[in-house]
Amino acid sequence: MKPYKNILIVKMSSLGDVLHALPTLYALRENCPDARIVWAVHKQFSAVLPGKPYIDDIVYIDKKGLKSLSYLKELRRTLHEYHFDMCLDLQGLAKSAIVAFCSGAKEKYGYWEMREGSFLVSKGLTGTHKFDHVIERYLDTVRALGGAVDGVEFPLPSVDAEKASLSGRFAADGMTGPYIAVVPGARWDVKEWPVPYWQEFLRRVVQGGMNVVLLGSGDDVPKGRAIAEGVASPRLFDYTGKTSLRELMAAIGMSRLYISADTGPLHIANALKKELIALFGPTCPDRTGPYGGARSEYIHMIISPTSAATQEQPLVDDPDCMKQISVDKVWKTYTDIVKEADND
């Protein structure tokens with residue numbers, strides 16, 4: 001790989017997608033140890049990005065501002081001050097193409113699936129993992145540029161302060177002992193496991209003596225409230241909408257086990273190498289699921305019988321897909337994990 005001096009990574013959203021791009025950041029830093037690396041991102045997803053030595057600076061992109069000529073002029077001035085010699089667009093959309101164009105970088109690249117005209121700005125790089133997991137597709141850009149990729153690593157920011165703060169909050173709320181972290185929501189409703197299923201499953205969990213911490217964004221608050229009311233146990237603690245992104249990372253990191261459907265926090269759990277149960281239906285886990293999948297010792301996949309994986313396509317438009325994952329199936333997976341841990 002060329003000894004690039006100033007590199008811009010464009011990956012603005014969403015949470016899971018930003019996390020999927022972190023191994024490429026790691027590989028770039030390994031291959032260009034002296035380069036200044038800048039990341040362009042929407043501010044609400046920036047908390048999962050590490051600082052130095054991986055990222056030297058962050059540029060926040062206002063999505064609505066990209067439609068404003070005055071904002072684009074300001075963005076162009078900001079980016080040109082870095083004198084980028086290479087821009088890597090890992091978003092591959094029209095909005096990221098605008099940022100790449102404004103960067104002034106001498107070389108502009110992206111991964112092979114450049115959409116919405118982004119290929120007119122950046123050259124898509126194709127590698128041997130063209131149809132593999134999205135993390136490998138992103139890493140193919142480093143390989144295509146002559147860089148070495150020795151493994152998949154997720155450089156993450158420290159959340160030690162958040163862990164200390166949350167531990168105090170948990171204690172004040174009366175929680176002692178281990179807990180499982182559960183995120184009941186997802187970006188798309190069709191990817192969510194039904195609330196009544198969560199209620200029945202978590203009733204069994206708390207009856208078995210395990211604490212439960214519900215997590216998620218403000219959008220997940222109604223689901224958290226409904227689940228908490230349905231379970232009605234002092235062992236269930238509803239923290240939906242009550243944590244920052246880094247506090248959510250800390251809560252997942254301190255948990256005994258993480259459980260959710262296909263959503264951004266699932267990829268936080270995977271990046272932290274946290275033992276997890278992932279529920280998949282309309283999306284294909286081989287492409288966008290937890291990296292490592294069923295080959296990993298700490299990832300336990302439960303896939304709907306009518307999922308995208310069984311149909312050999314990236315998406316399945318079936319509103320009842322997630323209903324095909326039974327409570328008994330998730331409960332058996334959970335109890336098998338607990339029994340194995342007890343036997344260790």
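Visitor: Before we start, what counts as a contact here?
Guide: Contact means heavy atoms within 4.5 Å. This is a predicted model, where local features need pLDDT of at least 70, side-chain atom pairs count only at pLDDT 80 or more, and totals for chains, interfaces and linings use all residues. Residues are numbered from 1 along each chain as its sequence is written, and side-chain values use heavy atoms, with hydrogens and water left out.

Visitor: OK, Ala 105 then. What is it in contact with, leaving aside neighbours within four places in sequence?
Guide: Phe 84, Asp 85, Met 86 and Cys 87 are in contact with Ala 105 on that count.

Visitor: Is Ala 105 buried or exposed?
Guide: Buried, at a relative accessible area of 3%. The cut-offs are under 20% for buried and over 50% for exposed, partly exposed in between, with a 1.4 Å probe and protein chains only.

Visitor: Switching to α8. Why is α8 largely enclosed?
Guide: Seven of the ten residues in α8 (residues 245-254) are buried, so the rest of the structure largely encloses this helix. Among the buried ones are Leu 245, Glu 247 and Met 249.

Visitor: What covers the buried residues of α8?
Guide: The cover includes α1 (15-31), α5 (160-172), β7 (179-183), β10 (257-261) and α9 (264-271).

Visitor: What's the strand order in the six-stranded sheet?
Guide: β9-β8-β7-β10-β11-β12, an open sheet with parallel pairing. Two strands pair if DSSP finds at least two bridges between them.

Visitor: Which strands stand at the edges?
Guide: β9 (236-238) and β12 (299-303), each with a single partner strand, so one side of each has no neighbour in the sheet. Strand β8 (residues 211-214) is joined to β9 by three bridges, and Leu 214 stands opposite Asp 238 in β9.

Visitor: Last topic, the largest nonpolar core. Which residues touch the most other members?
Guide: Trp 39 and Leu 215, out of 61 residues. A nonpolar core is a set of buried Ala, Val, Leu, Ile, Met, Phe, Trp, Tyr and Cys residues joined through side-chain atoms within 4.5 Å. Helix α1 gives the largest share of this core, eight residues.

Visitor: How many residues are in the second core?
Guide: That separate core has 26 residues, including Phe 201, Met 210, Val 327 and Ile 337.

Technical notes:
Helix = DSSP H or I, 4+ residues; strand = E, 2+ residues; numbered from the N terminus.
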